[in-house]
Amino acid sequence: MSLMPFAASRPLSIGVELELQLLDCNDYDLISSAPDMLRRIARQTHHGEIKPEMTRSMIEINTSVQYEYASLVEELRSLRNTVADAGRFLNIAVAGGGTHPFQHWSEQKIFDAPRFHYLSDLYGYLAKQFTIFGQHVHIGCPTPDEALYLLHMLSRYVPHFIALSASSPFVQGHDTGFASARLNSVFSFPLSGRAPFVLRWEGFERFFSKMTGTGVVESMKDFYWDIRPKPEFGTIEVRVCDTPLTVEIAAAIACYIQAMARYIMEERPGEPQEDDYLVYTFNRFQACRFGLEGVFIDPRTHEQRSLREDIADMLLRIADHATELQAGEAMAQIRQILATGNGASWLRQTYAHEHNLSDVVQQQAKLWMND
Amino acid sequence: MMTLSAYLPTWPLLVSPALWLALALVIAVLVGEGLVRYLRLPRIVGYVGIGLLLGSAGLNLIPELPAAEWRLLVDLALGILLFELGSKVNLRWLKANPWIAGTSLLEAAATFSAVFGLLLWFDIAQVTAAVVATIAIATSPAIVVRTVTESHARGQVTERLLLMTALNCIYAIICHKLAVAFMHGEAGTGLIHTVLQPLYLIGGSALLGWLFGIAFNSIHRNLGRHEETFSFLLFGMIAIATIVASTLKLSPMLILLAAGLIVRYQRQRPRAFLPHFGSAGAVLVVLMFTANGLAANLDGLRDSMLLVLLLILVRTLAKLSSVLVLARFSGISLQQALTLGIALVPMSSLTLLLTLDTAAAFPAFSSGLGLVLMSCIVILELAGPILVQMALRGAGETLEEET
């Protein structure tokens with residue numbers, strides 16, 4: 001199977017996908033109620049798309065193509081309200097966050113669709129352990145070469161996106177010490193990691209046909225890369241973020257990525273180099289483990305600083321682009337996260353106060369459902 | 001001078017009747033485990049079945065428990081299960097989804113009408129028919145709670161089953177008292193009692209339930225983290241509430257159910273209790289089912305089999321069709337509604353107590369329709385757990401189910 005041609009899309013358009021957790025209102029454990037939620041939602045008209053995910057305790061919301069923070073956050077709020085209302089009608093709570101703090105993976109049930117059963121057979125317990133919740137952000141690119149350029153330039157900033165969105169400190173009932181433990185589950189998949197260092201679309205097509213030739217993959221969907229091209233949309237998709245605790249933060253992070261993309265596309269600050277990836281996994285680990293306190297090593301200068309400093313610095317550099325994109329409010333939200341902490345620190349503080357993970361999840365759901 | 005009889009037992013052996021119950025309990029538990037392991041049936045079937053087999057309705061190997069002791073046991077065990085049921089149910093849900101309240105009311109009304117109509121057709125006096133019809137409204141909280149716990153079921157059908165069971169038990173207890181009061185009215189004790197008695201019952205039970213709920217919440221706040229201490233305290237409180245209620249001639253069942261609902265309503269906090277609040281509660285629950293089997297009375301089946309079977313049939317159809325009719329509006333699929341309707345069928349201790357209370361007030365009842373109801377109870381107590389388990393499996397809500 002050959003790769004689909006790269007569809008043209010409006011540069012810097014954005015789309016957001018959020019995977020959400022469905023919770024039992026009695027004990028706030030995950031509940032396999034996606035079919036009930038989708039049946040209820042199917043009876044209503046709503047913006048964007050609401051879809052099933054791998055296990056039946058997950059549901060995914062997708063926005064339509066957006067350009068600005070204001071309309072993006074409005075659509076996300078409307079999607080949230082649709083999902084939250086369906087949840088209230090069915091006595092199911094809905095929450096953000098990258099992991100469920102105490103669910104047991106073996107109790108998850110695979111959603112009844114051929115692709116999910118195929119994946120479940122292939123990956124075994126990994127598929128069920130994949131009951132994790134991420135935010136994916138699409139950025140529109142005018143040409144496929146531009147998409148590959150943006151992809152490799154953005155890779156330097158992957159730790160930013162991880163640290164800002166990190167909201168999965170608890171796994172299977174314990175504090176993992178990580179800000180985003182969710183990504184540890186992603187890394188166990190054989191085709192995770194980064195895209196190959198290819199800067200021309202013909203080169204990427206050659207890579208793809210060689211890979212399908214080996215029989216390892218069938219489509220782009222089989223790559224679980226941190227950032228991957230999505231030719232049928234004409235976008236690249238940033239996939240490292242945890243689902244934040246509110247739709248507002250999700251929208252702000254999407255717009256932060258958008259403003260950074262504009263900075264990269266307009267100012268073209270240098271060309272990507274393969275050696276940029278020497279520090280890639282170290283930086284990414286630091287972001288997962290320590291969040292905003294993580295160490296960031298600049299791939300070119302090898303200077304070390306905290307991720308918080310590097311993000312603050314970036315905010316200054318992209319300020320004009322953010323203004324152009326009407327993303328002032330989003331940038332203020334990002335500054336707010338730098339000052340008061342990400343979702344992981346909110347969850348840890350809530351746990352320190354509640355002493356009980358069920359209560360933490362209840363607060364988490366309240367926050368997300370805007371109760 | 002010492003004789004043999006001083007330290008050896010004399011023949012024939014004099015054994016306390018409690019030994020027989022203990023023996024039945026051991027056999028019942030072993031059989032229950034066998035049913036789970038080899039036939040994947042619920043344990044309660046074994047508990048009830050062994051009681052039935054060994055008791056007076058079966059091989060008559062084990063004498064019946066004295067009525068007072070049996071009653072205390074059932075009051076306590078059912079009290080635990082009703083409080084547990086109430087604390088699992090979120091009343092706020094009814095506000096967010098009024099269709100569930102609608103389904104519950106329709107289901108109760110349809111059950112009442114169907115059974116009432118059937119009995120009139122059998123030439124039963126109106127008031128008596130009404131009393132039986134109110135008793136038929138209730139789904140067994142004991143079987144529902146026990147089977148849901150045992151199969152680790154979670155999901156829409158499970159939650160609706162718990163909620164609708166709690167609601168129809170409330171309707172049944174209150175309507176039953178009203179119907180009995182009418183029976184009194186007809187017997188000529190005067191209008192004032194017909195009005196005052198149910199008022200006293202409802203008001204008094206609600207007040208006691210509320211007090212219990214408040215006491216419970218404050219104990220939980222202070223001692224909730226010491227799980228064992230907390231379970232013991234709770235268990236004692238349930239016993240006190242049961243005894244106080246009987247003393248005040250209130251309904252212990254209504255009080256404990258209301259208390260559970262209030263506890264859940266007041267603090268919208270997730271709370272995890274041990275099943276039946278610990279092993280002491282669990283032992284009582286097993287004992288109750290076995291004792292129910294021992295006390296089973298199948299005379300009604302011999303004398304009026306047709307009525308017994310028709311009563312079960314129309315009650316089942318009424319519950320099933322009501323749930324099916326409103327399924328779409330309340331947000332479940334037809335398949336889920338089918339399983340929910342079936343899961344609402346079981347009858348057990350609560351129905352039995354209402355029947356016995358009626359019989360105590362009106363001796364004629366115990367030899368007539370009382371026997372018919374007793375037979376229905378025996379059948380639906382044996383079949384009930386299997387139906388609930390099948391239903392929850394069919395809805396894909398049990399943990400063992402794998403796709």
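Residues are numbered from 1 along each chain as its sequence is written, while chains are lettered from A and ligands numbered from 1 in the order in which they are written. Because the model is predicted, local features need pLDDT of at least 70 and side-chain atom pairs count only at pLDDT 80 or more, whereas totals for chains, interfaces and linings use all residues.

**Chain A as a whole**

Select chain A. The chain holds 15 helices and 13 strands, taken as DSSP runs numbered from the N terminus (helices H or I, at least four residues; strands E, at least two). The C-alpha trace spans about 55 × 45 × 35 Å along its principal axes. Of the 371 residues, 50% are buried (20 or more other C-beta atoms within 10 Å of the residue's own; exposed is 12 or fewer, partly exposed in between, with C-beta atoms placed from the backbone). Among contacts (C-beta atoms, placed from the backbone, within 7 Å) with a separation of 6 or more, 77% join residues 24 or more positions apart.

Select residues 92-95 of chain A, strand β4. A:Ile92 and A:Val94 point one way, A:Ala93 and A:Ala95 the other, and all are buried. In a regular strand the side chains alternate between the two faces of the sheet. A:Gln21 has A:Ala95 as its bridge partner in β4(A).

Move on to A:Gly96, in the loop between β4 and α3 (114-123). A:Gly96 counts as buried because 27 other C-beta atoms lie within 10 Å. Beyond four places in sequence, its contacts include A:Leu20, A:Ser167 and A:Trp368. A:Gly343 is 247 residues away in sequence, yet its C-alpha is 9.5 Å from that of A:Gly96.

**Helix α8 of chain A**

Select residues 201-214. This helix has 14 residues and reaches 20 Å from its first C-alpha to its last, close to the 20 Å expected at 1.5 Å a residue (1.5 Å times one less than the number of residues). A:Gly215 follows α8(A), with a positive phi near 85 degrees.

**Where the chains touch**

Show both chains. The contact takes 22 residues from chain A and 16 residues from chain B. On the chain B side, α4 (92-96) and α8 (156-187) each supply at least two residues.

**The cores and B:Ile124**

A nonpolar core is a set of buried Ala, Val, Leu, Ile, Met, Phe, Trp, Tyr and Cys residues joined through C-beta atoms within 7 Å. Select B:Val115 and B:Leu257, which touch the most other members of the largest core, of 131 residues. The largest share of this core, 16 residues, comes from α8(B). A second, separate core has 106 residues, including A:Ile50 and A:Tyr149.

Finish at B:Ile124, in the loop between α5 (98-121) and α6 (126-137) of chain B. B:Ile124 is classed as buried because it has 20 other C-beta atoms within 10 Å. Leaving aside neighbours within four places in sequence, B:Ile124 is in contact with B:Leu119, B:Ala129 and B:Leu369.

Terms used
Two residues are in contact if their C-beta atoms, placed from the backbone, lie within 7 Å. Two strands pair if DSSP finds at least two bridges between them.
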